[in-house]
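Hi everyone, thanks for coming.

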Amino acid sequence: MAMASSSSASAAAARGGSLVEEWSGRVKALEAGFRKWMAEQPTHIEAAVTTAVGAVQGAALGGLMGTLTADGGSPFPTPPPPPPNANPQAMASFKQAQALAGGPLVQARNFAVMTGANAGISCVMRRIRGGEDIQGSMAAAFGSGALFSIVSGMGTPNPVANAITTGAAFAIFQGGFFMIGQKFSKPQSEDLYYSRARSMLQKLGLEKYEKNFKKGLLTDQTLPLLTDSALRDVKIPPGPRLLILDQIKRFVSVPPQSIQLK
């Protein structure tokens, strides 16, 4: 009996493991399909979808934080509302406290705007600059910080000036974090020559072919010169070759030669 029970338990564990692997594979396939679809869209479509996804994630985070605030778990207690005839400085202080310790709806709105703007601007900057860098990261942080200041009301009674200063503060912090992250990641020196190629392959969901680029010494400088035969020589299949050539044709200043796949 004990042996039978042990065998049944092992069989159940094996079935459970196979189900997990199956669902994991399905999720990865859906993710790869979605990323491929996104890479094929024009900039405004990709930016809109990215912004919407970022806003939903930010709203969920803000709603959770607002719920904790409502339960008294915030280190920034919200002061009582000032009277209607209060001076502008008092109203500004109240708005600033509310932006940091508002209820679930207020926090959801503020974080949705902040994260959505950051995701959308980052997407556009990656398209424009051909990859993720400190300039694009700081631009996205500035835009999200400025919009957060305006929507949350932190800028009262001088919203424009406060939006600029808040955006600048966000950009400085983001730039610092970006530089620290680069310092601790310590990429190999040769990887610096494949940063744009890596970004392009990640956008297409074709990261596994990065090693093919390195094997063939297809550095960032060679991207405008890539042809179907060059990609075929490094053992990249026809489907990915089509996607790579199309991506380069649309987003690199010098388009690759147009050659029929064989």
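Let's start with a term: buried means under 20% relative accessible area, exposed means over 50%, and partly exposed is in between, with a 1.4 Å probe and protein chains only. Glu-210 has 17% relative accessibility, so Glu-210 counts as buried.

Some background: this is a predicted model, where local features need pLDDT of at least 70, side-chain atom pairs count only at pLDDT 80 or more, and totals for chains, interfaces and linings use all residues. Residues are numbered from 1 along each chain as its sequence is written, and side-chain values use heavy atoms, with hydrogens and water left out.

Side chains of opposite charge can pair when their charged atoms come close. Here, a salt bridge is a side-chain nitrogen of Lys or Arg within 4 Å of a carboxyl oxygen of Asp or Glu.

So which residues pair with Glu-210? One is Arg-198, at 3.0 Å from N to O. Another is Lys-214, whose closest N and O atoms with Glu-210 are 3.3 Å apart. Lys-214 is partly exposed because its relative accessibility is 24%.

Now look at Asp-228 and Arg-241: they form a salt bridge too, with the closest N and O atoms 2.6 Å apart. Are these two residues buried or exposed? Both Asp-228 and Arg-241 are buried. Back at Glu-210, shared partners join Arg-198, Glu-210 and Lys-214 into one network of salt bridges.

In total, a search of the whole structure finds five salt bridges.

Finally, Ile-180 counts as partly exposed because its relative accessibility is 45%.
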